[in-house]
Amino acid sequence: MKDKISKRDAIFYSHKMAQLSKALWKAIEKDWQEWIKPFQLNINEHHILWIAYHLKGASISEISKYGVMHVSTAFNFSKKMEARGLLQFSKRENDKRNTYVELTESGVELLEETLNEYNPEDNSVLRGVMPMTEMYGKLPEFLDLSALIKEIYGDEYMEILERSLENIEEEATISQPTDIESYKKKTKSS
């Protein structure tokens, strides 16, 4: 790598990636927090519910890995949700070393309720990509970003992401397209 890119270019690229990623995450974080606030969940809890749901049960280490969070964070928030009756802990017959979590019926209902209450018009990132969507006729695909994440986190991470996306497509109950422009007009006239 040293021969292929100068230190100056590497610093420039790293700084740009850090600033852009941080700004994007801040917008995503704010939107996510606002979305799930009525359900008395924080982002880590919602993410854990989502991962356990799509994996149909997951070990704490899987939640940590796919949720990109420390193992203690995954465990502690899972314990809090167990106390709320949203998750249950178990050991598997063929794997006594790892602790697994599965959603309870209440956990499934709560996650599905959050998904049903999701309002695309409240998402600043989605609003931000609408001009590109109008120009190209589809949402951006993030091919470069996906390739970068694959290099950092590996094939298994991307496979889990793809599986969760397929599950969302299969289970989607909302088939109504989102029209940001009509929403903007509606809110201006209110």
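Reply: Terms first. Helices (H or I, at least four residues) and strands (E, at least two) are DSSP runs, numbered from the N terminus. This is a predicted model, where local features need pLDDT of at least 70, side-chain atom pairs count only at pLDDT 80 or more, and totals for chains, interfaces and linings use all residues. Residues are numbered from 1 along each chain as its sequence is written, and side-chain values use heavy atoms, with hydrogens and water left out.

Me: OK. Which helix is Thr114 in?
Reply: Thr114 is in helix α5.

Me: Buried or exposed?
Reply: Buried means under 20% relative accessible area, exposed over 50%, partly exposed in between (1.4 Å probe, protein chains only). Thr114 has 0% relative accessibility, so it counts as buried.

Me: What does Thr114 touch, not counting residues up to four places away in sequence?
Reply: Trp35, Phe39, Leu41 and His46. Contact here means heavy atoms within 4.5 Å.

Me: Which other residues of α5 are buried?
Reply: Gly107, Leu110 and Leu111 are buried along with Thr114. Seen down the axis of α5, the buried residues fall within an arc of 95 degrees, so they line one face of the helix. The arc is that of the directions from the helix axis to the C-beta atoms.

Me: And what covers them?
Reply: The cover on the buried residues of α5 includes α1 (7-36), α2 (43-54) and β3 (95-103).

Me: What span should α5 have, at 1.5 Å a residue?
Reply: The expected span is 1.5 Å times one less than the number of residues. Helix α5 (residues 105-117) has 13 residues, so it should span 18 Å; its end C-alpha atoms are 18 Å apart, which agrees.

Me: What about α1, how far does it reach?
Reply: α1 has 30 residues and reaches 42 Å from first C-alpha to last, close to the 44 Å expected.

Me: Which residues of α1 are buried?
Reply: Asp31, Trp32, Trp35 and Ile36. What covers the buried residues of α1 includes α2, α5 and α6 (124-136).

Me: Switching to the sheet. What's the strand order?
Reply: β1-β3-β2, as an open sheet with antiparallel pairing. Two strands pair if DSSP finds at least two bridges between them. β1 (58-59) and β2 (87-92) are at the edges with a single partner strand each, so one side of each has no neighbour in the sheet.

Me: How many bridges join β1 to β3?
Reply: Two, and the strands run antiparallel. Ser59 is opposite Tyr100 in β3.

Me: Which strands does α2 lie across?
Reply: β1, β2 and β3, and α2 runs at about 105 degrees to β3. Axes are lines fitted to C-alpha atoms, for helices over the stretch in contact, and angles run from 0 to 180 degrees between N-to-C directions. Helix α4 (residues 71-83) also packs on the sheet, touching β2 and β3, at about 115 degrees to the direction of β2.

Me: How do α2 and α4 pack?
Reply: At an angle of about 85 degrees, with axes 10 Å apart. Angles under 35 degrees count as roughly parallel, over 145 as roughly antiparallel, 65 to 115 as roughly perpendicular and the rest as oblique. α2 and α4 are therefore roughly perpendicular. Asn44, Glu45, Ile48 and Leu49 of α2 make the contact with Thr73, Ala74, Phe77, Ser78, Lys80 and Met81 of α4.

Me: Tell me about Phe77. Buried or exposed?
Reply: Phe77, in helix α4, is buried at a relative accessible area of 17%. Leaving aside neighbours within four places in sequence, Phe77 contacts Asn42, Asn44, Glu45 and Ile48. The C-alpha atoms of Phe77 and Ile48 are separated by 8.0 Å, though the residues are 29 apart along the chain.

Me: And the angle between α2 and α5?
Reply: About 110 degrees, axes 10 Å apart. That makes α2 roughly perpendicular to α5. His46, Leu49, Trp50 and Tyr53 in α2 meet Val108, Leu110, Leu111, Glu112, Thr114 and Leu115 in α5.

Me: Last topic, backbone. What's the phi of Gln40?
Reply: Positive, about 55 degrees, although Gln40 is not a glycine. Most residues other than glycine have a negative phi. Gln40 is in the loop between α1 and α2 and counts as exposed at 58% relative accessibility.

Me: And where does Lys56 lie?
Reply: In the loop between α2 and β1. Lys56 has a positive phi of about 55 degrees too, and is not a glycine. At 62% relative accessibility, Lys56 counts as exposed.
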